[in-house]
Amino acid sequence: MTSGIKSVIDRVASPDTRQRLRSAVRRCKHFGFARECPCCGALVRSFRPFGLVKRLEAQCPVCKCLERHRLIHLYFTHRTDLFDGHLKRMLHVAPEPQLARLFQRARYIDYLSADLGSPRAMVKMDITHIQYPANHFDVIYCSHVLEHVPDDRQAMREFHRVLKHDGWAILQVPITADTTIEDPSVTDPRERERLFGQNDHVRRYGPDYADRLRSAGFSVVEDDFARQLPPHLVTRYGIHSSETIYVCRKT
């Protein structure tokens, strides 16, 4: 977006209108037919590099979503009953704005976003001590949070407690090791970055992550949804076909 257009938009528009106008300008600027963003519907020439170690084709230039956001958007739409029109109470932890807008547009979703520190969330929440009663939520979505939580097993037990017996939860983490690696004695940010990939991570998860979820009381389906998509759609949507989706229910 040019600085002249941006300054005009900032002067004459309300915050909501500014957001829509900026999005429209970005759609025009990056328009193309090679890639499609499921989160915002934009058709673009390419996705942008993103990350501490730059990943190609990672970030949508219009709505700023990443690979995992586009994948879960497709999954919610095509593999769950979230948008079937029936009333559901949903907890969204560490809300990604691209997905929060999607959930909030569905009037039959009684939506609650929560975070320990983000001003974007509707309530402040420590997921190791969730301030809601047992069997409260029909749906829980939490992505790339547990690797930041020292007592992740307690957080999993809390998710299990507040999930309804006929509800479901999708609890995603980055899988970056052959088996889960953690060391609570490591507190130096530089050492955490060396061992766990980021200075605010407290572990690296491996495929045994599913066993942790099961130990909290969940039955877990490890869905390889992305691997079932045609390769040309994996490329078009800019997702990782290797990512597993962890769908959890009460046993």
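Author: On a 1 Å grid over the protein atoms alone, a pocket is an open set of points with protein on both sides within 12 Å along at least five of seven lines. Its lining residues have an atom within 4 Å of a point. The model is predicted: local features need pLDDT of at least 70, and side-chain atom pairs count only at pLDDT 80 or more, while totals for chains, interfaces and linings use all residues. Residues are numbered from 1 along each chain as its sequence is written, and side-chain values use heavy atoms, with hydrogens and water left out.

Reader: What makes up the volume of the largest pocket, and how much space is there?

Author: About 1,100 Å³ lies in the largest pocket. That figure is the space filled by probe spheres set on the grid points, which are joined across faces, edges and corners. The lining has 41 residues, and R55, R68, H144, P174 and Q198 are the ones nearest the centre. Helix 3 (67–79), helix 4 (97–105) and strand 11 (203–204) each give two or more residues to this lining, with helix 3 giving the largest share, three residues.

Reader: What is the makeup of the largest pocket's lining by class?

Author: There are 14 nonpolar, 15 polar and 12 charged residues. Ala, Val, Leu, Ile, Met, Phe, Trp, Tyr, Cys and Pro count as nonpolar, Asp, Glu, Lys and Arg as charged, and the others, Gly among them, as polar.

Reader: Which residues lie nearest the centre of the second largest pocket?

Author: Those are Q19, S23, R26, C63 and R101, out of 16 lining residues. This pocket has a volume of about 400 Å³, and helix 2 supplies the largest share of its lining, six residues. By class, its lining has six nonpolar, three polar and seven charged residues.

Reader: What makes a space a cavity, and how many are there of 30 Å³ or more?

Author: In a cavity a 1.4 Å probe fits but cannot get out. The count comes to one of 30 Å³ or more, and the largest cavity holds about 40 Å³. R68, L71, I72, Y141, S143, Q172, E243 and I245 line this cavity, and helix 3 gives the most, with three residues.

Reader: Why is S143 called buried?

Author: Buried means under 20% relative accessible area, exposed over 50% and partly exposed in between (1.4 Å probe, protein chains only). S143 has 6% relative accessibility, so S143 counts as buried. This residue is found in strand 8. Leaving aside neighbours within four places in sequence, S143 is in contact (heavy atoms within 4.5 Å) with R68, E96 and Q172.

Reader: Why is helix 5 called mostly covered?

Author: Eight of the 11 residues in helix 5 (152–162) are buried. They are D152, Q154, A155, M156, E158, F159, H160 and V162.

Reader: What makes a set of residues a nonpolar core?

Author: The members are buried Ala, Val, Leu, Ile, Met, Phe, Trp, Tyr and Cys residues joined through side-chain atoms within 4.5 Å. The largest such core has 35 residues, of which F76, M90, F103 and I170 touch the most other members. Helix 3 supplies the largest share of this core, five residues. Leaving aside neighbours within four places in sequence, M90 has contacts that include F76, L82, F103, I109 and Y141.

How values were computed:
Helix = DSSP H or I, 4+ residues; strand = E, 2+ residues; numbered from the N terminus.
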